[in-house]
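Here's a friendly walk through one model. Have a look at it first, then read on.

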Amino acid sequence: MTQELAPDVHDRSAGRPGEGTGGAGWWRSAVIYQVYVRSFADGNGDGIGDLPGARARLPYLKGLGVDAVWLTPFYASPQADGGYDVADYRAVDPMFGTLTDADDLVRDAHALGLRVIVDLVPNHCSDQHEWFKQALREGPGSPLRERFHFRPGKGAHGELPPNDWNSLFGGPAWTRVTDPDGAQEEWYLHLFAPEQPDFNWEHPAVRDEFRSILRFWLDLGIDGFRVDVAHGLVKAAGLPDIGRNEEMGLLNTQELPFFDQDGVHEIYRDWRRILDEYPGVGVPPAGGWGRIAVAEAWTPTLERSARYLRPDELHQAFNFEYVMAGWDAAGLRAVIDETLRAMAPVGAPATWVLSNHDVVRHPTRYGGGERGLRRARAAALLMLALPGSTYLYQGEELGLPEVTDLPDEVRQDPSFFRDNGQEGLRDGCRVPLPWSGDRPPYGFGPGDSWLPQPPEWKDLSVEVETGNPASTLELYRAALRLRRELPGLGDGSLSWLDSPEGVLSFARPGFVCTVNLLGHAVELPVPGRPVLASEPVAVEGEMVRVPADSCVWWAV
Ligand code: GLC
Ligand code: CA
């Protein structure tokens, strides 16, 4: 059960968009909620989530207590990779609504005091993008092909790919073009699906085009960008072979000629100048901290990630080391220390995240079932107590597990198809949210949802969990409320306190967080007054019994 006692606190919530906390920028402490648009809420009954659906649910997000919303791609797209294959960067796909719907959503969000971050996909576009269609039409040697990476093949008849790079979705990162007469000609590079040709960022037209795309959305009033595959834009000169043939995963952290090349930083310095030209929406704080960009950059080390966050580059980067850490005290403490150490020299806030639309939901990663959920609840309290900013993935506030038994015929993730029927990696975390009612689609929309929802989800809907003090939703609500109220949380630092092995305990101003990662309860001295706990805790005099796999917040 969630244990909450009203703390004596003052409200230091940031207020309207554009007002920084402590003059340092709203994003340094922000809790940012990821809306995977096609699975959040369906406004028109076609079974697919959309912008009007999301707009109608903004009050829910306000009530949950988050600061900002990140919307996954809703641009015109054939949906070969859930919208990460963009055919027109300035148009909303009819499946998701219209540009007016986007505008209305942004304005409603701002009226509620929520900021809006949109996804930007600069590494590749869709094979249905006008530029790529033109490039194919014009044929080999055309300057229009230089905006992408076209190359003749190797071998006597060009029948072999130009180099040995593999796609992150499996198979070669090259596809050979068949011209209209059926003849085979050049190959083009795609780090992801064949429907996602990589842009050539050495080409000035590509740079100009993205400057203009940034301005288009900034002019519409969005508060920031989540930069997809931010580490991939620049490829090593000459596209050199890697020299070994191995499977690439999204979680890849080795050095590669197509990831984390030094040249990407020049692009982000350029973008930062554009972002800084725009005042924050609402009342601009000194220094123009209004609009931000967060990098999706899988790099070999946290130091390499910090390079994207130098003061003249981007504002935040996702902390994938934290996603990958297991339920283990020493391992988690090491990642936390390493993160804070890596971010300090560049002055960037740490970010924390447990789940997103590309990974197995964390209650399942932590063992699944009741134990997985207990750990997930404790992990949420731990994460929300750490210094910096936090990303939440839709549905984690309900304690949703991964759906592991989706039938093959409903799967849509291209990594599933490319891997020839291996475990589909990413559909199970993208199942539409249960909002209300006792049968699918559980209030997701008026019609059947694009992926089926499990029958057990009737007990995990927003409606069922609301008002139930033992629910995960009420735990998140209480935690987010306290996070706003307790001045020691959000941006800042922490100091570790002595604790037995398997237990983590740290202090922040006026606050202590204790996490027991062991499979049994531990007796500890009481550090203060309990204000929130992921499981019922028993305080007896000077001692507290902290249950297995649980977390307690204390006011001191
Ligand atoms: C990012 C996205 C992922 C997508 C890939 C290609 O990793 O998060 O969903 O498939 O980029 O755009
Ligand atoms: Ca819809």
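This is a predicted model: local features need pLDDT of at least 70, side-chain atom pairs count only at pLDDT 80 or more; totals for chains, interfaces and linings use all residues.

Residues are numbered from 1 along each chain as its sequence is written, ligands are numbered from 1 in the order in which they are written, and side-chain values use heavy atoms, with hydrogens and water left out.

Let's start with the metal. The calcium ion (ligand 2) is held by Asp42 (OD), Asn44 (OD1), Asp46 (OD), Ile48 (O) and Asp50 (OD), at 2.3 to 2.4 Å. Donors here are N, O and S atoms within 2.8 Å of the metal (3.2 Å for Na, K and Ca), and since water is not among the atoms, sites may look incomplete. Along the chain, the donors of this ion are spaced D-x1-N-x1-D-x1-I-x1-D. Both Asp42 and Asp50 are buried (under 20% relative accessible area, with a 1.4 Å probe and protein chains only).

Now for the strands, which are DSSP runs of E with at least two residues, numbered from the N terminus. Strand β15 (residues 503-508) is largely enclosed by the rest of the structure, because 6 of its 6 residues are buried. Val503, Ser505 and Ala507 point one way, while Leu504, Phe506 and Arg508 point the other.

Two strands pair if DSSP finds at least two bridges between them.

| Partner | Sense | Bridges |
|---|---|---|
| β14 (residues 495-496) | antiparallel | 2 bridges |
| β16 (residues 511-516) | antiparallel | 6 bridges |

Trp496 sits opposite Phe506 in β15, and Ser505 has Thr514 in β16 as its bridge partner. The hairpin of β15 and β16 has 2 residues between the strands, and Gly510 in the turn has a positive phi of about 70°.

Methods. Buried means under 20% relative accessible area, exposed over 50%, partly exposed in between (1.4 Å probe, protein chains only). Helices (H or I, at least four residues) and strands (E, at least two) are DSSP runs, numbered from the N terminus.
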